[in-house]
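Work through the exercises below with the model open. Try each task before reading its solution.

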Amino acid sequence: MADPEEIPPWNRSRTSLRSQLARSSPSRLAIPPALRPSPSLSNLRVHSYTSGLSTVTAAPTVISQPPLNPALDSTASSVVNLDLNEGILIQDTDAETDIVDSEEITVMGIVNATDEASKKSLRDQLRRTLSNKQLPDLIPSRASRKGKDIAIHDIAPEQGSRYLPREYFILTDAGKPVFTSRPGGEDSENMTSMIGLMQALISVFFDDGDKIKCINAGNTRITFALRPPLYYVCASSWGEPESVTRSHLEYLHLQILSIVTAAQLRRAFERRTNFDLRRLLNGAETFLDSLLSRLAFDLAMATSSLHCLRLEAGVRKRVADALVPSSKMKDILYVVLVARGRVISLVRPRKHSIHPADIHILLNTIHAPSILNSPASASWIPVCLPKFNPSGFVNAYISFPRKDDGFEVEQARSSDMTIEQEGATVAVPPRYKSHALDSGIGLVCISGGGDFEAIRNWCDSVTERMESDGTLDIIVDAFRSGQTEYSVAELGIPGLRHFLYKSRSQVQITCPTFEDPYDDIDEHRRLITLYQILYDAIHAKSGQEAPLKLQYLRTEKESVMGWITQPFELYVALSPRLPKSAAVGAANAVARWVKKEESRLFLRDAPVF
């Protein structure tokens, strides 16, 4: 076997296993506090909140977002907070992730006199806009909607034009660009001007002792997340709630912290306030690009949970038994086997859970092209798990026992799609696939120590064991026979088109494949946006007065319903012709089916060491 590739760490500092565990997340699922509304001035163009206060200028309604359509029917009811049981994963209770110790924000001044004059002019214009009672009718008022929340055109598909790519920007508090998703990079003249404008917008509110939250400009929302010394900005016209793009910015922050720890960031910018972070992140842009691709469609990331591979319970148990390290392996923290980007099994220390966000950052990292496409048999990389310990690195040993199985099978299926047309065989282009395919079966071992040789030898023995007893072959056969996915037709529920089920105790989700009409990219995005609107309303993430127990919306194409109970959350898409009573019945039928299949759908009772 070839020697593993050792990737040079961004920093050689290490954190011992003992200190890692001492600062790790709690072993039990965190009990959510009483959910409270966050400030959101949805009927103003500029949204902000004062540091240290939680002030809402305009009273929000209980529905998360301005409804999408005057023709959209909506029903909601309230819910109280619920207790959760112990599990493998930690329940995410915070919409925002504050990794940096201090919340104090410093906005660097702009030296150039011309820029300073432009900044002053911008401040004056924004203040006039906020103080003007007669706001331009860019965003209809709640009263003009007569109680209806979101206009249908905000989420209706307009082939090729409705869903323009979201744009993401990262800059330092000194106004230096760090990353942008816009083609052309952060070095173009236009981008430099835009970064300067963003910094000026932030400074307008900072000078008034406030922090900008978002700006609504017609159908576009610009969301800000301030994590000194870095600022994150997203511009989107997809019609999703503000909490969605804010969570995307939080994931970007976590991905950067996985490369450069919070302690390193503080030290670098304390020494030099105009430090150019791109030098430390050189070569890491692919991690950020792939993360943004996942965020667009990954429902597990959107719900702060984990999506496990559907597999027979007996096979999953064989995998888990093989992953348990021996007593001689003192520094191992977590061992994970993944396939197609989904977790098969996870082994962890006794009384220590892992946060879903750390797993998503880890999955995104190991499937980066520089690692996945490496000719080496295995890779060593230092990685920071921000929810575990944002100030130190751990070591990740990554190998792919079956690197190409899943990808080759999918390609073969797509190439077989042909039809007969006027006596000739015509190839049919494959329909849109909901997630980028992460090929192969990967083994990841996270350790707090530096005994690389011992870790590699142990991982090789795990791979040999799963090869010899046929476990890997069983997993590959499950791919080829389609057992790892399921169709909504398998449930046999009339009118049901799709659903998303989240087990609250397991902090895991399951959903069927996206079939007609949702295998079309625009329809898929539209359905995900509807799910996000329901999730936002039920959890009161965008300034609502209270969380909800049930939310029902009806569009011209389908009806969707979100429902939260003590054991689960459920989001269903149904035929618009079904009455509300039938929607409730379908939801109950889905919950019963998932309960019957949960041993195959969820990772339960994973071993500890």
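**Exercise 1. Find what Arg-166 lies over, and how far it is from the ring centre.**

Solution. Arg-166 lies over the face of Trp-238. The distance to the ring centre is 3.7 Å. The rule requires NZ of Lys or CZ of Arg within 6 Å of the ring centre and within 35 degrees of the ring normal. Arg-340 lies likewise over the face of Phe-479, at 4.7 Å from the ring centre.

A note on the source: this is a predicted model, where local features need pLDDT of at least 70 and side-chain atom pairs count only at pLDDT 80 or more, while totals for chains, interfaces and linings use all residues. Residues are numbered from 1 along each chain as its sequence is written, and side-chain values use heavy atoms, leaving out hydrogens and water.

**Exercise 2. Locate the bend in helix α15 and list what covers its buried residues.**

Solution. Start with the helix. α15 spans residues 580-601 and bends by about 45 degrees at Lys-595. The bend is the angle between axes fitted to the seven residues ending there and the seven starting there. Helices are DSSP runs (H or I, at least four residues), strands likewise (E, at least two), numbered from the N terminus.

Next, burial (under 20% relative accessible area, 1.4 Å probe, protein chains only; exposed is over 50%, partly exposed in between). Buried residues of α15 include Ala-583, Val-590, Trp-593 and Leu-601. Their cover includes strands β17 (496-503), β18 (508-510), β19 (548-554), β20 (559-564) and β21 (568-574).

**Exercise 3. Which geometry does the aromatic pair of Phe-499 and Trp-593 have?**

Solution. First, the rule. Rings of Phe, Tyr and Trp (its six-membered ring) pair if their centres lie within 6.5 Å; planes under 30 degrees apart are stacked, over 60 edge-to-face, the rest tilted. The whole structure holds 13 aromatic pairs. Phe-499 and Trp-593 are edge-to-face, at 6.5 Å centre to centre and 75 degrees between planes. Phe-499 sits in β17 and Trp-593 in α15, 94 residues apart. Elsewhere, ring pairs join Tyr-501, Trp-563, Phe-568 and Phe-602 into a cluster.

Notes: Contact = heavy atoms within 4.5 Å.
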